[in-house]
Amino acid sequence: MFDTHIHTHNSHDSEQEIDALCRSAIEKGVNAVSLTDHIDVFAYSEEHNTKVITGSAKDADYAKSTYSEELKIFKGVEVGVYHYDSEMSKKICSLCELDIILGSVHSFMLNGEKVHFSRDNISEEVLSKEKLINQADAYFNEMLATAETADIDVLCHLTYPLRYINAKYNRNLDINIYSAKITQILKTLIERQIALEINTARVGTDFNYTAPTFDIVNEYYNLGGRLITIGSDAHTPEKIANGFDYVKTALKEIGFDKYYYFEKRRPKSVKL
Ligand SMILES: [Zn+2]
Ligand SMILES: [Zn+2]
């Protein structure tokens, strides 16, 4: 099991200590983990981003020296809206010798307003379905811009807003209205040889879906896409490699026979 998306206490939303992370991974029979803490050129300052990436790299070095016999450790990062300041994103990513760079979109600007799906105490006005439809549309535009321009290895948790719009806010949004845009994103990934992540964070919860869902993964396969990674997006030790067995079986049913991890920013295959 190669889990290519894991957060540590260096991320603002995780308290996961490196020893607990590694011990849990070893206990679960995981072969390799990529530490991919959050940086975001829109949401955070350069100072904050620098602190995150250097802290995470330091933890990765420590883990490599301590657990190398039982677990492979890869140095990575998850960059939010890379294209909002490509130069800054590149600069921060060049501070450490990374194995893997994930690209994602959590928050972004729309009509002069900051959109951030996971915010708590959300008002009814913000929750209007019409507004959410526009916000999700804008989200896919930002994901497309990321896929088209960012210097990344993997595009993460495509369809991310659904875990809020359809799970947390219970708005029953039909993803099919964005299918043309999703196809465009998938084609761009294939063209630019950027991997598609199968994010397993919500598998086994009330919102029991991967991101993207298997119908989108199936479309990617039919378009000729083979470069996939599997990431638990674990923020706590018990979530490492969450749902991997289930997801691997589903991927084999689609037709995939391998998935990938990244070392020194090059894809390496693992048998499914
Ligand atoms: Zn993310
Ligand atoms: Zn993440």
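The dialogue below goes through the zinc site and the ring contacts of a predicted model.

Student: Which parts does the pair of glutamate 78 and histidine 157 tie together?

Tutor: Glutamate 78 is in strand E3 (residues 72-80), while histidine 157 is in the loop between strand E7 (154-155) and helix H5 (162-168), so the pair ties together parts 79 residues apart in sequence. Both glutamate 78 and histidine 157 are buried.

Student: Which residue coordinates both the zinc ion (ligand 1) and the zinc ion (ligand 2)?

Tutor: Glutamate 78 coordinates both, and the two ions are 3.2 Å apart.

Student: How many aromatic pairs does a search of the whole structure find?

Tutor: The search finds 11. In one of them, tyrosine 164 and tyrosine 169 have ring centres 6.4 Å apart and planes at 40 degrees. The limit for the centres is 6.5 Å, and planes under 30 degrees apart would be stacked, over 60 edge-to-face, so this pair is called tilted.

Student: Why is arginine 226 said to sit over the ring of tyrosine 221?

Tutor: Its charged end is 3.6 Å from the ring centre. The cut-off is 6 Å, together with an angle within 35 degrees of the ring normal. Lysine 114 likewise lies over the face of phenylalanine 42, 5.4 Å from the ring centre.

Notes
Residues numbered from 1 in each chain as written. Chains lettered and ligands numbered in written order. Predicted model: local features only at pLDDT ≥ 70, side-chain atom pairs only at ≥ 80, totals over all residues. Heavy atoms only, no water. Donors = N, O, S within 2.8 Å, 3.2 Å for Na, K, Ca; no water. Helix = DSSP H or I, 4+ residues; strand = E, 2+ residues; numbered from the N terminus. Buried < 20%, exposed > 50% of the residue type's maximum accessible area, 1.4 Å probe, protein only. Phe/Tyr/Trp six-rings, centres within 6.5 Å; stacked < 30°, edge-to-face > 60°.
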